[in-house]
Amino acid sequence: WRRPDTARVEAFRRTTGDPRSEAHENFAREWPVPPGAATTFRWTSGADTELLGLATGVRYRIAGPMSRDGPSPGWAAEEARRMAAAAQPAIWLVASHYFEGTPRDELQPLIAALGAAGLEVVQERRGGRDAVALRVERIVRSGRPARQ
């Protein structure tokens, strides 16, 4: 906190703060997610790369129905593709407010897509009821994750 990275925080704010941004948590998408949709939601600083998640496409409303029943078609596959490309051999995935244990759980299709992309969740850390951090690693031919 002595030298906060205000430029990085401002970049995140600009990207996620507008509800018309596909990175906004409540962005409603009425179309499938095409491959490469989130190429700009990536920051590199030295050896570190951060991927900002592409919105699932579901708009939640306090009063009234959600805009759709689940993530936009192609969302999980696109996010898994991005994560597989960034995993060297591992990444951390941080998620919150994903309706765990309900039919609306958006994390489950993402985990399935990660498996299809050759990645596996190897560690889980909980931050209360609504937040989780998952360490995801490449699976090598032996069936075991690659280790650094």
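Predicted model: local features only at pLDDT ≥ 70, side-chain atom pairs only at ≥ 80, totals over all residues.
Biologist: How many helices and strands are in the protein chain, and in which order do the elements run?

Modeller: The protein chain holds three helices and five strands.

Biologist: What radius of gyration does the protein chain have, and what would a compact globule have?

Modeller: The C-alpha trace spans about 50 × 40 × 35 Å along its principal axes. A compact globule with 148 residues would have a radius of gyration near 15 Å. The value for the protein chain agrees with that, at 16 Å.

Biologist: What percentage of the 148 residues is buried?

Modeller: Buried means under 20% relative accessible area. The protein chain still exposes about 9500 Å², with carbon and sulfur atoms supplying 52% of it. Of its 148 residues, the buried share is 34%.

Biologist: How far apart lie the centres of the positive and negative side chains?

Modeller: Count the two sets in the protein chain. There are 22 positive and 18 negative side chains. Their centres are separated by 4 Å.

Biologist: Why do the buried residues of helix H3 lie on the same side?

Modeller: Helix H3 covers residues 107-116, and its buried residues are Leu107, Leu110, Ala113 and Leu114. They lie on the same side of H3 because they cover an arc of only 120° around the axis. In an α-helix there are 3.6 residues a turn, so residues three or four places apart point the same way. For H3, then, the value to remember is the arc of 120°.

Biologist: Which exposed residues sit on the face of H3 turned away from its buried side, and which elements does the buried side pack against?

Modeller: The face turned away carries the exposed residues Ala112 and Ala116. The buried residues of H3 have other partners. They pack against helix H2 (75-86) and strands E3 (90-96), E4 (119-126) and E5 (131-138).

Biologist: Which glycine takes a positive phi just after H3?

Modeller: Look just past the end of H3. The phi there is about 90°. The residue is glycine 118.

Biologist: Is serine 21 buried or exposed, and which residues does it touch?

Modeller: Serine 21 lies in the loop between helix H1 (6-16) and strand E1 (42-45). Its relative accessibility is 14%, so it counts as buried. Leaving out residues up to four places away in sequence, serine 21 touches Thr15, Phe27 and Phe41.

Biologist: Which residues are in contact with tryptophan 92, leaving aside neighbours within four places in sequence?

Modeller: Tryptophan 92 lies in strand E3. At 38% relative accessibility, it counts as partly exposed. Tryptophan 92 and leucine 134 are 42 residues apart in sequence, yet 5.5 Å apart in space, C-alpha to C-alpha. The contacts of tryptophan 92 are Gln123, Arg125, Ala133, Leu134 and Arg135.

Conventions. Residues numbered from 1 in each chain as written. Heavy atoms only, no water. Helix = DSSP H or I, 4+ residues; strand = E, 2+ residues; numbered from the N terminus. Rg over C-alpha atoms; globule rule 2.2 N^0.38 Å. Buried < 20%, exposed > 50% of the residue type's maximum accessible area, 1.4 Å probe, protein only. Areas by Shrake-Rupley, 256 points an atom, 1.4 Å probe, with all protein chains shown as cover. Lys, Arg positive; Asp, Glu negative; His and termini not counted. Charge placed at Lys NZ, Arg CZ, Asp CG, Glu CD. Arc of directions from axis to C-beta. Contact = heavy atoms within 4.5 Å.
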